[in-house]
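Work through the exercises below with the structure open beside you. Try each task before you read its solution.

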Amino acid sequence: MRTASTPTHCPYCALQCGMALSPLPTGGVEVVERTDFPVNRGALCGKGRTAPAVLAPGVRLTSPLMRSADGELVPAGWDEALDRIAGELGRIRTEHGPDALGVFGGGGLTNEKAYTLGKFARVVLGTSQIDYNGRFCMSSAAAAGIKAFGLDRGLPFPLEDIPRTGCVILVGSNLAETMPPALRFFNELRENGGTLIVIDPRRTKTAEQADLHLAPRPGTDLALALGLLHLIVAEGRVDAEYVRERTVGWEETRAAAMAHWPEYVERITGVSVPELRETVRLFCQPEAAMVLTARGPEQQSKGTDTVGAWINLCLATGRAGRPLSGYGCLTGQGNGQGGREHGQKADQLPGYRKLDDPAARAHVAEVWGVDPDSLPGPGRSAYELLDALGSDVRSLLLMGSNPVVSAPRAAHIEERIKSLDFLAVCDVVLSETAALADVVLPVTQWAEETGTTTSLEGRVLLRQRAITAPEGVRSDLEVLHELAARLGVEKGFPVEPEEVFEELRRASAGGIADYSGISYERLAEGAGEGVFWPCPADEEGPADEDRSADDDGSADDDRPVPPGTPRLFLDRFATADGRARFVPVSHRPSAEEPDDDYPVLLTTGRVVAQYQSGAQTRRVDELNAAAPGPFVELHPRLAARLGAAEGDPLAVVSRRGRAVAPARITTGIRPDTVFMPFHWPGEGRANTLTNPALDPTSRMPEFKVCAVRVEMANP
């Protein structure tokens with residue numbers, strides 16, 4: 001008889017698809033369909049189906065590793081490894097001060113781990129030098145959302161609202177490959193008579209599903225949004241009553257948009273004036289519409305302004321804060337939302353509190369039992385922290401990230417990591433970054449541990465342990481507990497996830513991301529559909545604005561009402577006066593434009609069978625068979641100029657380095673642009689080429705556009 005399966009969620013993207021894990025007679029687990037979870041209704045991509053393969057013996061790490069005198073990583077005991085880490089951190093802190101200690105987290109860590117990591121950095125180490133790889137994913141959208149709405153939550157509405165709106169503009173997302181189960185919401189939108197507009201320089205699998213595909217030149221999404229707003233004003237499509245009653249700052253924003261007339265925008269973007277006008281017609285015609293952005297417009301040195309321009313489009317047409325309408329960000333990493341809410345960001349305390357806010361410091365310090373003045377101030381952002389390694393920052397404790405592959409200007413970052421006095425890495429596998437470490441600790445992951453994550457909808461979910469980790473593997477919470485004790489802090493770092501979450505509830509209470517009304521017991525109730533934040537402790541039940549909304553905006557009493565706050569802003573925005581803020585922006589060039597030496601634009605992204613830096617998915621045979629390595633996607637006209645045929649090795653060269661990968665020739669990309677996926681290390685590492693120019697607000701690097709030249713690798 002088969003043992004009962006354990007309901008849980010996929011370890012990969014921010015959809016956090018529901019699945020169940022069933023023990024196998026031979027050991028390990030297999031994925032079982034779970035149709036009761038509303039986001040995916042049982043559907044899974046190949047990564048989700050094969051996720052247990054990463055936990056197999058011989059794939060995952062099962063023993064601490066320490067670098068020996070001859071430079072090799074060799075197995076070690078836990079006490080020996082922890083003593084080495086604590087000793088080195090203590091030594092460096094004594095010799096160079098607390099800010100010589102760096103901490104780098106990840107968007108895949110559970111809420112409990114992210115919270116504890118931030119607390120460990122500030123309370124035990126006393127360092128301000130902590131950030132995480134989520135800075136590379138959603139930070140521009142987060143910054144723009146806070147400016148406009150006073151709050152950042154990926155989607156202010158559930159995914160189930162998408163099929164019932166009238167039009168969706170999807171900017172810079174290839175979700176057919178990055179989160180395939182989500183595509184059904186957009187297919188249902190079209191089946192219901194709605195319209196899908198996709199904006200992407202490539203004709204991706206997502207763009208192939210669209211009613212209208214716009215292919216702007218990379219780096220010009222800001223100009224495109226401004227041109228559309230210009231036309232909305234010129235054609236009299238502004239919702240004047242909404243603008244007057246629910247917003248501030250319109251006149252300045254209007255003036256900025258009117259400087260971007262259609263013909264000017266066509267010259268910048270390559271999108272024709274008739275396409276601009278058709279986009280405005282399709283977006284403004286229905287009563288309800290949405291704009292959703294992803295990494296395309298966000299991973300730019302002007303990403304915050306670019307997202308802000310798309311938010312302005314929603315505000316001017318009365319789309320934000322109304323049923324079945326609004327702006328949303330398609331958060332990428334598995335806990336990309338929760339990971340940016342509870343303290344592993346350089347400027348943040350739990351509950352999405354600001355580290356430089358005296359009231360926030362006092363509240364969190366009271367929960368932690370420390371003096372508010374003992375908490376360090378804001379530190380460096382992710383790239384700036386990595387760039388400081390080996391100089392100002394002498395050691396790094398890294399959890400759940402692989403910057404040797406994922407950071408921009410990756411060859412430079414690899415050298416900075418090598419220059420550290422000491423590197424300790426906690427991971428499930430020996431990633432490219434872990435291979436450079438002085439100590440590597442094997443930690444539990446996903447099916448081996450219990451914890452919470454927060455999906456792109458702001459839905460807090462409970463992932464329950466399904467199997468026991470191999471002997472020799474410990475949790476990140478145990479690691480931080482042991483290190484804290486060795487560094488003189490014996491209390492305040494529990495190892496049980498639920499105990500950590502109870503403290504997180506108190507620390508987040510009253511903050512923007514208020515989890516105080518959420519508990520493990522509540523998350524396990526019913527079908528385990530989760531709880532949407534904010535959810536304060538005194539919540540009696542969902543308010544009127546939180547109820548499921550029919551097409552006319554009325555509540556449908558026959559449908560279940562999820563707890564917490566599924567839908568934000570229907571009554572007011574999260575600003576002091578309840579009004580949304582227009583933020584006037586203007587087009588500006590990318591940090592690096594093509595020239596005679598580097599005449600082509602490079603953009604980067606993902607493929608369906610791999611995930612992020614590939615540290616886990618590249619260890620799964622089925623996924624490697626589908627996506628065995630990097631490639632350079634280019635237009636036939638560019639291929640003809642080079643004399644390149646399909647599969648020929650091409651060298652792509654930027655001011656930062658050179659990458660080599662086989663040609664993949666397609667008419668589905670602009671002739672002035674090449675594309676490379678970023679999942680692989682070695683000579684095909686796309687991030688060797690990318691530009692670390694930072695957005696001035698979000699500190700997001702410009703992954704999505706840089707100038708390159710393309711040449712035959714073997715002329």
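Two strands pair if DSSP finds at least two bridges between them. Keep that rule at hand for the first exercise. The model is a predicted one.

**Exercise 1. Decide whether β17 and β18 pair, and find their direction.**

Solution. 
Step 1. Locate the strands: β17 covers residues 422-427 and β18 covers residues 439-442.
Step 2. Count the bridges. Four bridges join β17 to β18. The rule asks for at least two, so the strands pair.
Step 3. Read the direction: β17 and β18 run parallel.
Step 4. Check one bridge. D427 has P442 in β18 as its partner.

**Exercise 2. Work out how β30 is joined to β23 and to β25.**

Solution. 
Step 1. Start with β23 (residues 600-605). Three bridges join β23 to β30 (residues 706-712), and the two run antiparallel. V600 stands opposite V708 in β30.
Step 2. Turn to β25 (residues 649-654). Four bridges join β25 to β30, again antiparallel. V652 has V710 of β30 as its bridge partner.

**Exercise 3. Is R685 buried or exposed, and what does its side chain contact?**

Solution. 
Step 1. Find R685 in the loop between β27 (673-677) and β28 (691-694).
Step 2. Apply the cut-off. Buried means under 20% relative accessible area. R685 has 8%, so R685 is buried.
Step 3. Look for a polar partner. The R685 side chain makes a polar contact with the side chain of E414, at 2.9 Å.
Step 4. List other contacts. Beyond four places in sequence, R685 touches residues including V404, V405, A659 and W680.

**Exercise 4. Repeat the burial test for P534.**

Solution. 
Step 1. P534 sits in the loop between β21 (531-532) and β22 (580-581).
Step 2. The relative accessible area of P534 is 19%, so P534 is buried.
Step 3. Its contacts beyond four places in sequence include R153, I512 and L568.

**Exercise 5. Describe the largest nonpolar core.**

Solution. 
Step 1. Give the size. The largest nonpolar core has 78 residues. F149, I169, W310 and Y327 have the most contacts inside it.
Step 2. Name the main contributor. Helix α7 (residues 221-234) gives the largest share, nine residues.
Step 3. Zoom in on F149. Its contacts beyond four places in sequence include I311, L315, Y327 and F569.
Step 4. Note another core. Apart from the largest one lies a core of 55 residues, among them C13, L175, L189 and M290.

**Exercise 6. Where does pLDDT stay under 50?**

Solution. 
Step 1. Take the whole chain: mean pLDDT is 95, and 96% of residues reach 70 or more.
Step 2. Find the stretch. Residues 540-561 stay under 50.

Conventions: Residues are numbered from 1 along each chain as its sequence is written. This is a predicted model: local features need pLDDT of at least 70, side-chain atom pairs count only at pLDDT 80 or more; totals for chains, interfaces and linings use all residues. Side-chain values use heavy atoms; hydrogens and water are left out. pLDDT is the predictor's confidence in each residue, from 0 to 100. Contact means heavy atoms within 4.5 Å. A nonpolar core is a set of buried Ala, Val, Leu, Ile, Met, Phe, Trp, Tyr and Cys residues joined through side-chain atoms within 4.5 Å. Buried means under 20% relative accessible area, exposed over 50%, partly exposed in between (1.4 Å probe, protein chains only). A polar contact is a pair of N or O atoms within 3.5 Å; within protein, one must be able to donate a hydrogen and the other to accept it, and residues adjacent in sequence count only if both atoms are side-chain atoms.
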